Every structure is written in C-alpha cells, then in structure tokens.
4 protein chains.
Amino acid sequence: MTAHVYADLPFVRYEGPDSHNPLAFRWYDAQRVVLGKTLAEHLRPAVCYWHTFCWGGQDPFALGDPLFQRPWFQGAPLAAAQLKLDNAFDFFTRLGLPFWCFHDRDVAPEGATLRESNALLDAVLERAARKMQDSGIQLLWGTANLFSHPRYMSGAATNPDPAVYAHAAAQVKHALEWTHRLGGANYVLWGGREGYETLLNTDLKRELDQYGRFLAAVVAHKHKIGFTGTILIEPKPQEPTKHQYDYDTATVYGFLKRYGLENEVKVNLEVNHATLAGHSFEHEVATAAALGLLGSIDANRGDEQLGWDTDQFPHNHVQLVPAMLEIIRAGGLGQGGMNFDAKVRRQSLDPIDQLEGHIGGLDTLARAFLCAAELYESGALEQPRAERYAGWQGELGLAIEAGASLDALAERVHAQGVAPQPRSGRQERLENLLNRFV
Amino acid sequence: MTAHVYADLPFVRYEGPDSHNPLAFRWYDAQRVVLGKTLAEHLRPAVCYWHTFCWGGQDPFALGDPLFQRPWFQGAPLAAAQLKLDNAFDFFTRLGLPFWCFHDRDVAPEGATLRESNALLDAVLERAARKMQDSGIQLLWGTANLFSHPRYMSGAATNPDPAVYAHAAAQVKHALEWTHRLGGANYVLWGGREGYETLLNTDLKRELDQYGRFLAAVVAHKHKIGFTGTILIEPKPQEPTKHQYDYDTATVYGFLKRYGLENEVKVNLEVNHATLAGHSFEHEVATAAALGLLGSIDANRGDEQLGWDTDQFPHNHVQLVPAMLEIIRAGGLGQGGMNFDAKVRRQSLDPIDQLEGHIGGLDTLARAFLCAAELYESGALEQPRAERYAGWQGELGLAIEAGASLDALAERVHAQGVAPQPRSGRQERLENLLNRFV
Amino acid sequence: MTAHVYADLPFVRYEGPDSHNPLAFRWYDAQRVVLGKTLAEHLRPAVCYWHTFCWGGQDPFALGDPLFQRPWFQGAPLAAAQLKLDNAFDFFTRLGLPFWCFHDRDVAPEGATLRESNALLDAVLERAARKMQDSGIQLLWGTANLFSHPRYMSGAATNPDPAVYAHAAAQVKHALEWTHRLGGANYVLWGGREGYETLLNTDLKRELDQYGRFLAAVVAHKHKIGFTGTILIEPKPQEPTKHQYDYDTATVYGFLKRYGLENEVKVNLEVNHATLAGHSFEHEVATAAALGLLGSIDANRGDEQLGWDTDQFPHNHVQLVPAMLEIIRAGGLGQGGMNFDAKVRRQSLDPIDQLEGHIGGLDTLARAFLCAAELYESGALEQPRAERYAGWQGELGLAIEAGASLDALAERVHAQGVAPQPRSGRQERLENLLNRFV
Amino acid sequence: MTAHVYADLPFVRYEGPDSHNPLAFRWYDAQRVVLGKTLAEHLRPAVCYWHTFCWGGQDPFALGDPLFQRPWFQGAPLAAAQLKLDNAFDFFTRLGLPFWCFHDRDVAPEGATLRESNALLDAVLERAARKMQDSGIQLLWGTANLFSHPRYMSGAATNPDPAVYAHAAAQVKHALEWTHRLGGANYVLWGGREGYETLLNTDLKRELDQYGRFLAAVVAHKHKIGFTGTILIEPKPQEPTKHQYDYDTATVYGFLKRYGLENEVKVNLEVNHATLAGHSFEHEVATAAALGLLGSIDANRGDEQLGWDTDQFPHNHVQLVPAMLEIIRAGGLGQGGMNFDAKVRRQSLDPIDQLEGHIGGLDTLARAFLCAAELYESGALEQPRAERYAGWQGELGLAIEAGASLDALAERVHAQGVAPQPRSGRQERLENLLNRFV
C-alpha cells in the first residue's frame, strides 16, 4: 500500500459544463464573479477531516473492520496521524478548495491523559500550521470531539457527572485556542451526546442549565483570548442520542435566548440534520436568517427513504436552489462557509471515489448558487413576494404595526365592514418560474 | 331520525376494574383521592365539541358526504346549532365529565358579516350559559376558529393581507370575551393556518412579527377585560399547512421569548401533535415543564404508522405513564386540564360508539395517572435519578455552578488528573421498575 | 360567475426553453421525436378529472366549504355534471393533452339506486363520447369510485357484507363497459377502502380471498366483452385506511401470483404512493419492470416532510430522471401513460393556476424524459452496469446459473481458494455522470 | 477484569407479580400451562449471541472503541471465542431460557481462508455441543453472517461477482450443517447486504434471480442432509443497504412464489423491522399467518421517534397483545420461537444490565401472551369478528364464493334493489374490551 494514496490523482480544474472529464469541475469556476463576489467567496467550501480521512467505510449497523484501506489506519498513532495529515493536505491541494475543518480527535489520537492528548494535538497541528502556510488553505472551523470517548457517553456539558463537564471544558479550551491560532473563521460545537436516551433517568431542566452555563463559558473564553471567529452550534434532532438538545434552529434560538447568548452564537446548519428534524433545508436557512442566527452550512444531503444521517454528497441542484436563494436574501454567510460533511458510499472504496464525490458535490452547490443568483437578480420572485404583502404599507397595515388593540380592530371591522377576500398565492406559477432558472 | 340521539344511553358510572359493563368506567373513579386531590381534580377532563358533534365521519382524503347521521347536520343553521348544543350537553351529562371546550364556529354558524356571526354565537352561548348553570359543567377553554373560512386560507395573524389580521383580531375579541363570561379556565389559540405552503411566496420574518404582535394584543385584551384564565398556544408541526409556526414546545418557547410573552402564555400540548413533530409526548411535557410553559393537554393518540393527525382516543395506559409522571413531577396542570381532542374512527357510526370512545379514553388516562402517582410516591424512580446527579452537590459541581471558567476548569483537570469513568444509566432496570406499577 | 371558467385562457403552445411566457410549454414539444417515437407517444399524458374539476380546495383536515368557486359546484346535479364536462373538455383542449381519465362518480352524480346512477353516468358519458370524437382526445383509463360512498366505508370487494361486494361488482361492470366503449387504453382499480382500520375486527385472509375473487371476476368480464385494454391495480400503502391491501408493487405482485392473475393485471404506479410506502419512485418502476407488471403512471410528487398524499405537480426534473431511465430500460409504458394525479395547492384559487400547474408538471416530465433518453442513448450508465455483472458470463457464473449445488460450490471454493475482493461500485461517478445530462 | 463476568449474578427464578426483586421474573412462569402448553413451550424464548456477547456498546454513528469491557474483547481470537462461549452459556443458564441462536462469525473468528474459518468454527461449536448437552439448552436457529466482511459489501447471493456467491454458498453449507448437527429447530437467512445502494449500478431483475437460485440451493441442501428444521427468511426494509430485497412479509411472499419456494421457506419476523417497513408488528404476523409463512419471531421493539433499528427489549405488554393474539389465532409458532434480537442501551455498561434487559423483555412477552390467551379464550373478540362476516354464510355470500360473474351480480343488484347499509365496526368497543384483559 502506497503511503500517499492521492499522489496519482490530478489537480482538479474548471473545464465548463461541456467537459466530459470526470475529474474536472463543470460548474465550480472559483473565480467567476456573481453578485459582486467570486464563487469561492460566496461558497467558502471546505473539506471535512472526519468523513474523508478517518471513516473507514464501516457499516454503521453491522460494524466490523474498515472496508477502506488507507496506510494511516495502522501503525503508531502519532506517526499515522502525521501521515493522515500529509495525505489530507495533498487531497485539499489537488481538489483546490480554500478551506478545511477539523475535530481535535480526528487530527490527533487520544492520549492517556488530557495533557498527553493536548501534546499529541499540538504535534499534529504545528505541522498543520506549516502546511496551511505553504498551501494557502485556511481553516473554516475547528471543534472538539465531545462524543466518541466513553467518558462522554452520557453527555459532555450535560453529563450527570461534573467531572465530565470539567474535562469537556478543558478539551474545548485547547481546541478553541488552536482554532484561534490557526486563524479559524469559526468554532463549532456539535452536541453529539448532549441529549438523553430516556427521561426516566434524566433531569431535563438541570441538563439544559448545565449546557447554557457551558456555552456561556466558551463565549467568555473566546472574548478573553481575542478570538473573533463566530461560535456556532450545530442543530441535530436525534442520533446518536434519542433526543438531542440542539434539535433544530428554532430550538437553538429559544435555548440561546434563555441563556442570553442569542447575539453571541449562530448556527451551523446541516442539510441532512434539517431533513431528519422534519424540515426542508430551506426552512432551516430561512428560520436562521429570520432569527439572526445564520452562521455556516454543513453541505450534504440525506436519503428521503432512510431515517438516519446518511451524509451523502449533494447532487440535485434544483433541490438546493430555494436554500441558496434564502442565503442570498439573507446577505450571504459572512464568516461562515460550506463544509462538505459528506462521505462517499461505503462501496466506493477507492481514493478516486472521494475526489469524485467532492467534485460532484461542489459542482452541485455551485450550479445551485448560480441559478439562485440569477433568479434573485431577475427579481422574478422578489417582486411578486413584495406585492403579496403590499397591504401592510397601507393605512390599516400601519395601524396594526403601530399596535392597534383588539377593541380598535373590532370597531374598524364592524364600522367598515371589513370582509377580506382570499387571493391566489400562485405557488405553481412561482415554481414554474424557478424552473426557468435551473 | 330522533332529535336526541343520546337519549337512550345510560349515565356512565364507575364500577371498578372487574366490571364487564362496556358503558361503565373501570378506572376513572372521579372522587378517588390520590396525591391529595381527586382524580377529577387532577385530570380535569373535557369533551371537545368539534370531533364529537361537528365531524360527520368524512374521509379526510376522499371527502364526500358525512357518514354519521345526526339531526343537527341539516335544517336551519341556528336551530341546528341549538339542537346540537342540547345534544352535546345531554352527552356531557351522561358521560359525567366536569368540562367542555368549544371553537366559536363549531358552536354557532358563520353569518354574512362578523356582526351577524357574533349575534349567532351570542344566541347559542346564552343558551350554553344556562345549560352550564343547570348541569354544573364548566368550560375548560374556548377558542376562535381562524382556519376553516376561505378568508383565512393564507393565515389569520400571519396573512399577507392586514384586513384578515383585523378580522381575526375582532373574532378573537368576541371569543375571548365569551370565554371570560362563561368562566373559562383557559383561552386557546391554535394557529391552524399560521404557517406557510411555500417559502417562494413567504416572508417568514414578517409573518413571525405579525404573529407576535397579534399575540401581544390578545394578552393585552385579556388583562383589559380582567380574564384570569391562561392564554394557551397549541403546538403542531404541520397540517394543515406545510409548516406551522407553532411547530413544537421548544419553538413556541423561542417565539414567546422573542416577543417578551414567555410569562403570559403557556402551551396546550396534544399527544398526536407531539408525535408528528418527532417527539415522544413525555418529551413535550417535560420540555414545557422545564421551560415553565406547561398549560393543558389535548388528550388523544396518533397511529405510529400514519403520518397525519389521527386524533384517536388513548388506549394504551402503559405508554402514557411517563408523560403522567412528568405532569406529576411538574406539580400538575394547574388551571389546565385534559381535553379529548379525539374522535371515533369513521366506521364507528353510532352515537354509542362516541360514548364508548370517551369511556375507554378516560379510563386509559385515569389508569395511567394512578400508575404514575403510585410510582412517584414510591420514590422508586425519583431516588436513583437524584443519585445520578448527586455529584453536582459536590465541590466541583458547585464550583461549576458558580461560573468556573474554561481556564479554571482546565487547570483543575490537569492538576487533579480528572479522568471521569462512565457509569451505567440503568435504563433497563428503570423500565422494568416502571412496569411494576402498570 | 361565468359558466365557462377557462374561456379566456389561451391554447398552450410549445415555445422552447427560452420562452418567458408562463402559459407556454418550454420542454413539452409533443411532436419531437426521440428514441424513435414522439414525446407525446412516450409520455401519453392525461388530465385527471377528480383533482382538476371536482376538488374544491377543501382543507383535508379542517374540511369546511370549498375555496374554489366553480359554477358546476352548485345547481341541479345532472346539469352541473354536464357543465363540468364542457369545462373539462375546454380545459383539455386548451392544454392540448392527448388523454383524459375519469372515475364514474366524478363524471356524474350518484342516483338513488344503482340503476339511476347508471342512467346518470350514461347521460354524461354519451356527451363525453361526442366531445372525444370532436376533440380527438382519448381515454387513458376509466375507473369506478368504490370508496367515497358510505356503503363502501368498510371496503368494496373486501367488505364484511357480501351485498357491498355485489354492489361494487355491478358498479365496476358498468364503468368497465363504458371504458371499453370509449376506447379506453386501460381500466384502473384503486382499492381506496380495500384495507383495514384495525385487525381487532378484521379477518385478513378472508378479505384477501374476497379481493382475489373480485379481481378474477373483473378480468373474466374484460375478456367476455372483448376489452383489450390493460387492467391496472394502483398500489398505495395507507390512506384512507390504516393499511391498504395494495401496499406497493411487491405486495401486489404476491397478491396476483396467489390468485393466478400475474399475467392479466399490471400496476398503475403513483409517485407519491411510492414515497408514502417508503420507496423511491424509481424503485417502484424498476420493481414493476423486473416483475413484468409495469403498466401506467400517476404522475405527481409528494412533499418529503409530509406524511400524507399531497398530490403535487412534479417540478424537479432531476429527481425524475432515474425513474424515466427505468421506464426506457423497460421498453416504455406500452398502453399506459402518465396521468396527472396532481392538484394545485389550495391557495391557488384561480382557473389559471390549474393551467399553470399542468404546464409546469408536463414540462418537468418532458424535460426528465429527454434527459433520460439522452443518457440512455449515450450508454454512459448502461456500459459500466453491464461490466459490473460481467463475471456472470464467465465459467463460474454460468455454472451457478446452471444450478450448482452448495456442495459443488464449496468444493470449488476450497479447491480454488476463491477469495473475492470488493470492487468499488463507483456510485459518485455515476451520479456525477447523470448530472452531465440534466 | 474477571474472566467470568456473570459469575456473581443469581439464577433467575419466577417470583410472581408482587416481587420487588429486580432479578426475578414476575410474569414468565416457564411451567405455567395455558391453552394446553407451558409458557416455555409457547414462547420458546432464546438469547441471541450477537447483541449480548459481541456488541461492545459502540455508537453506531460515532463508532469509536467499545464502551463495554468484556474479557473476550481482547486476546488471541480463538481463545477469546472460547471464553465468550463459556460466558454465554453461563448467562443462558443463569437466565434459564431454553434456547440460544448464533451467527457463525459471532461464535468464532474469521480465518485467512474459508477452510480456516470453518476449522475455527468447528473448534468452538464442538465445545458448544458439549455445553448444550450439559446444560440442556437447545438451538432455536443458526445462521451465517453474509454481511460484515468486506467481500459481501455488495451482497452475497446478489453480488455482481459470482465468486462472492460461491463463497457465500460454501459458508452457508457449513453453517447449515452445524445447525443440523446441533439439532437446530430452524435455519435463518438474513439478507443483510442483499439489496442495493443505488439503482444506477444495479440490475434488479438479475439480482432477484440470483437470490432465488441461491435460496433454492439452500433448500435442496437442507433436504439432502436431512435437516428437518424450517428455513427462515428475515424481512427488513432497509439498513444496512438503502433497499433490502426482503423488504417485508408481503414482498418475501411474492419472491417465494416467483421461485416456487413458498412451501419450503417461512419468515422470521422482527418487531423493529416491521415498524421500519411502515407496518405494525401485528400486521406482519397476521400477514404471515394468512399467507402460510409464519415461522419465528425476533422479539424486540423500535423507538417510534427514531428511523433506524434500535433493537430494544420489549417493555410495553399492551402494545404486544394484538400480535400475540394473531399468533394464537394462527395456532402458534410451531418450530419457531422468540429470539431476543435486542440489546441493552449503550449507557447500560454492566453485565447485570444485560440480565435485567432480558428479564424485563421476557416478562413483557409472557405478560402479553397471558393477556392474549385469556382474551382469546374468552371469545370476547372472536365472536363479534365472526358475526361481522356472517353474511358470507348466506345465499349471496355463497354465490359469490362459488364464482358469480359481474353480470350475474349486476342482475341481482338491479333485480333485488341491493342497497347495503354501513354498519359500525365498533373499533372503540373492541379496543376497550382488549383493555379488560391487560
């Protein structure tokens, strides 16, 4: 087995929609300017470390040995981690994406103590810093894995044991500081084990309070060290726990309001998490935008027939146009970006499959964004939507917005014989219209 | 067809678990005292008007004529409404429940103008007031139907047309004032059309703001008229709209916080709405209790294999014990109660089927409550739960609660070698233990 | 209200992808030849009577009065039915589709007896026959409504009461004979109430036997009258009943085999029924093709977040390409076609909304078919698929196909040290490749 | 870590419903006679090897190291397997169940070649044979794991590579022969990888044919070696593949009919597989019984809010009564039994949790069976069900069963004015009635 598994793969270039080259971009023209910025600046795409370099193709249900053969799946842990890092940056470079993302325990192995774990992380991230310098690849976000180790089985911040809380706090401190040092644009908290398996042994209110306190401490530390990136929470409804506290954007909003953190924390929205929560992805984006929480995107897709997080690469650009439109309406992602929290299917054993997965995924995002941008600029949807609400600029609308009471409104209804007539919402026309742009 | 369809049915009595009488209660012994109150005081059960007296057994999907033959489904609207009311109170009395609930348009027909509609409602509710007086039956809650009439097809408070908002405000004013006059314990808002069908024509943020403004006006009016009942919002995730703004309890909490109403409004939780939102019912109860929003219950059940609101009578008491336990842990429902938002299956054509549906449903609630009360009093679950979190009374736990920073906790972890060990959550033992009480 | 609500709408023409005319086809170029036939011959698209002319925009859950105002929703039943028919053919003509479909009770009202109902149907279908003659519009299929009337609440063929079975048989006889007389290409049976609400009162085996007997009688009658169209069963998993016997294609196949009808009956596959059954639509198509049952299509789409049959017009052509590819691989639909079992959203009140819904739906079908045809002709997917199974042409493959026993195969494995290696399925490459054609 | 982790646990005894001993049975009184047989003879309960002794508490989604510490998770593979076996029989004995079940690769490790794997299996199963002899514990079924090893990633019988088919055949031969030798009552095939991930690279028809051929070879081998146990297929809709060919009972029936195997093979029904397929468990049982396929049960439960196979121990006896009733109506399970394909939650780390999980599960099964038996014997449900279909004994019913044509039935309807009236299905009464027995 060669030590550098991507060494024979080409550097991926944009060749345009007519290209038949499976290892070229057909839509992701990084430097193409649209709506005043390049595509790369709009999308800020990133490769995630976990799915691409750590997952071995195991069946989540039957477990068993890894299917994928990668040289860093064996050997001394630290050396393997360094080899993995070298391969990762090789992959990033060949793919040509501007960002990467990491979990601490994906980058470096766990040691016997936290001190040892920190030292292992330091060793690998020092090397990563040099590689970032050399390659120009930037960090979209870092995060700490607070869910895989047995100590976190009953939660990290929400664990019944305060020692686990303390351990998690110390681990986040280190990961956050490294994210800061590597110039990360964001820091993510995914509460993988922040939830419950059964209410029979759970004090929900206490656990929520613990979680609020933990998040406040993370925010305080961010300010203390001068980190200017955004703190992001990643909503997910269930899996791995039966019920996760960060269920969806609306739940996270209420949580942040409860603990006074709504101006400090935003959301990292994952497509497949939205659909598992019973929402369309565009719903989650629109909700986050309306509530001022739109942070970043974990780009992937689920399978409509499966009830778990399949983390597939996006491949249907038509389906993504409404969400891209909501992002554009919201003014874009700011410091956020689009991380491919996506993995090839387990039968896609070969390194080249990973490259093709990312190429197809990024082309899908780019194409969807280009369609949405053109649709937005045309005003074809914006105008009828504005007209639909035009009544609120009228005298009655303004009176209501000024706080008209039930009494005042009832008097008006009776006096003026207010008898509103329904007006077509023209959904089919708008859907057809969207299809003019895809 | 006889005018009084329940006239031949008996007055339902409690006969105990060994009774073979299908028209007797086997578990609902209204005057039995447990946890310091009677069962009737704990459950505060109510019959809903809509499902029991207005629904004609239509197939929701194939529509068509009513299956059920009731004399009040025909004839002059006001006379029919009065006949329906007489039958309803006859049913309440035979069933022996302490409460009823109503929607304005179920009780009385819609007129040509709101003034006419109000007058029709007045006529029927004057009669209802006398019947309540005579029978001693009380009002658990009233509400306005802001979803069936074509004018509300695109929402009431969240309609793109402010005239609809005004009409809804005037309608709620009248329903709320009648609820007050009838001594209603609560007033409910179910946002049946407060949601959207497509984001392509929807301004989510604007609609949420409209909704917040509307709710604030309702709360202001409540205080103005001196109504001391609780204002309740009823969460539901979708149906009839694609996405309803009152998705679930956590969403409603964030909404109330956003508009400063979290101390003014509580939730009316429906079992089947919880399950459609992807939650267990006990989750919704526990969440509402943790967030201070637990108001009232719409008691029914869904069908685990069906994706819509089937509104069936509860019949599995074991499944309800965890939710009843959460209600007991929260100190009960206060002014709330348990309204049967449940209907017989459409093949259950006969008036006697309705009586049996309510008997079985109430027996299920009563049995579940009795089991939960005994379980709670035994301490069998409460004690291990308290022990599970006992660490938070220790020095580390208290330091964290006092606001320990990431730095302080990291120092402690390194200095003391904090290395927490996972401890069994004993879920199977707790589940078996619960089964000792059912 | 004008009697002819579509009279002001234009005759829809194909104007090509660049057209901005919302009332023109952009992809459905009926006479365009691809894979040896015109698009119209491949798709054989049809308008369904029910959703388009009979549904009044009622909320399935809140019921209430119709939202849509159509002149045929009032007045004397037979005259209204004739007016509806006139409007329907006006709509067909303006839209320019080659086929229509009907349920007997949508076309004409129910009479006091079956004889009367038959006479009413005769009156309307005589008129329809003339309109078909005049317009050249053909009948894709006819069917009998065996689910809306109260008599069918517990099933038609599977009813516990044999009188209902007899009534259903008589009703089907008349509808089938009319379908024959109108030159229908197929006759459909949708078992809307052939299922159960609860097993507690159901004899599953008996009901399946009744259903098999009924279907055999229908097939016998078809042959007796010389009808050469195809008898189609329409799978659906649930709704309106809790569990429908025609759950999905695989279930229907087993049912047909059990009663020896697998060579007599095919399936009419509906997109949204497939997704409600937990299958992708392309799965149902591929399964029907593999089992020799592919008959016809009810073209629509569901909403991925909703658990009921939303019957929306298709609008994402990318999503439909895999199913179109399976249809092409299977050699097309033969006598079947693509009926729009789709309806506008209820807020789409106006007649023009219906036209736009059909235009967008048909453009989506046409575009998906054109993409799939090009993909198929390119061989880009067909070739790697053939290669993936190439081993079965080898010696071992042929030996297995010739019936090698476990003993023989075990001996070979041990003797030859058979140790197969996994080979990438290249899913991402194939998905990207498909995207080159959309 | 002690080598014998269950050594301190007691031998579990039946102590009756009033026992407070968490390590005693409260309902499973093995020797209690009901409906003519002992409870043990009715239920034939079994412990499964996989979940109880092989699964390490890994999170299916976050993977990572095992949570559970068991001495056989380390050390030399064969010795570890023998230690695992010793512990397993110790567990069986303490629990007191009459049966066990195994997968070949759970019992013994995989070797470098199939010959080696066979030898390893021989070594462990020789020991198992002695332990069975000593303990009196019998084998409910054996099976081969054709899904975990990388070679099976694209299926076993349905693999595109015939060498994999051959390997699977050889592996099944050995497992089937050992099952025969150990006196197994059944042999199970679970097609864990018999399905597809994407239709883009799949020839569905070919794969079904391969699968049919494989199953025929297994049946032939069974007869050749004189095995008199039942061959069972275990339906599952998806997971691990996107779509499994053995989707549900109805699908398996069609498959068996297609390949002429419906009299040779039955189904092993798993509760959680039924619910994942969109069916109630009682539906699957009733369907299997109606189609003559009822074989054996994998007893567990799913979580109604989760979309994957959670394999929890049953704990709600009320929910299981309808399925138990269907089993009783069908005359019982014959050679089948009830295998606990269930695992403790991953936070339940300790060996005692496993014992309590099994105790609670078995008590739930026993209680449900006892309730169903009493209900059945009472005739309380059987009688109204028979009456509901009584019309089929009448003249019209018999004429239909004798094959009345549509013409004959239509003539009768018109001549006799057949106008059937709907009759209440009394669902609520029957549900209440069931509750009298729980």
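**Exercise 1.** In this predicted model, find which elements of chain D the buried residues of H3(D) pack against.

*Solution.* Begin with the buried residues of H3(D), which are Ala81(D), Lys84(D), Leu85(D), Asn87(D), Ala88(D), Phe89(D), Phe91(D), Phe92(D) and Leu95(D). These buried residues pack against strand S3 (45–48), strand S4 (99–103), helix H2 (49–54), helix H4 (104–107), helix H5 (114–135) and helix H12 (351–378) of chain D.

**Exercise 2.** Work out what span helix H3 (residues 77–95) of chain D should have, and compare it with the distance between its end C-alpha atoms.

*Solution.* The helix has 19 residues, and at 1.5 Å a residue it should span 27 Å, because the expected span is 1.5 Å times one less than the number of residues. The end C-alpha atoms are 26 Å apart, which agrees with that expectation. After H3(D) comes Gly96(D), with a positive phi near 80 degrees.

**Exercise 3.** Decide whether Arg385(B) is buried, partly exposed or exposed, and name the residues it touches.

*Solution.* Arg385(B) lies in helix H13 (residues 382–388) of chain B. Arg385(B) counts as partly exposed because it has 17 C-beta neighbours inside 10 Å, whereas a buried residue would need 20 or more. Leaving aside residues up to four places away in sequence, Arg385(B) touches Asn201(A) and Asp203(A).

**Exercise 4.** Describe the side of chain A that touches chain C.

*Solution.* The contact takes 34 residues from chain A and 34 residues from chain C. On the side of chain A, two or more residues come from each of helix H11 (317–329), helix H12 (351–378) and helix H16 (427–435), and H16(A) gives the largest share, six residues. By type, this side divides into eight nonpolar, 17 polar and nine charged residues.

Key. Residues are numbered from 1 along each chain as its sequence is written. Chains are lettered from A and ligands numbered from 1 in the order in which they are written. This is a predicted model: local features need pLDDT of at least 70, side-chain atom pairs count only at pLDDT 80 or more; totals for chains, interfaces and linings use all residues. Two residues are in contact if their C-beta atoms, placed from the backbone, lie within 7 Å. Helices (H or I, at least four residues) and strands (E, at least two) are DSSP runs, numbered from the N terminus. Ala, Val, Leu, Ile, Met, Phe, Trp, Tyr, Cys and Pro count as nonpolar, Asp, Glu, Lys and Arg as charged, and the others, Gly among them, as polar. A residue is buried if 20 or more other C-beta atoms lie within 10 Å of its own, exposed if 12 or fewer, and partly exposed in between; C-beta atoms are placed from the backbone.
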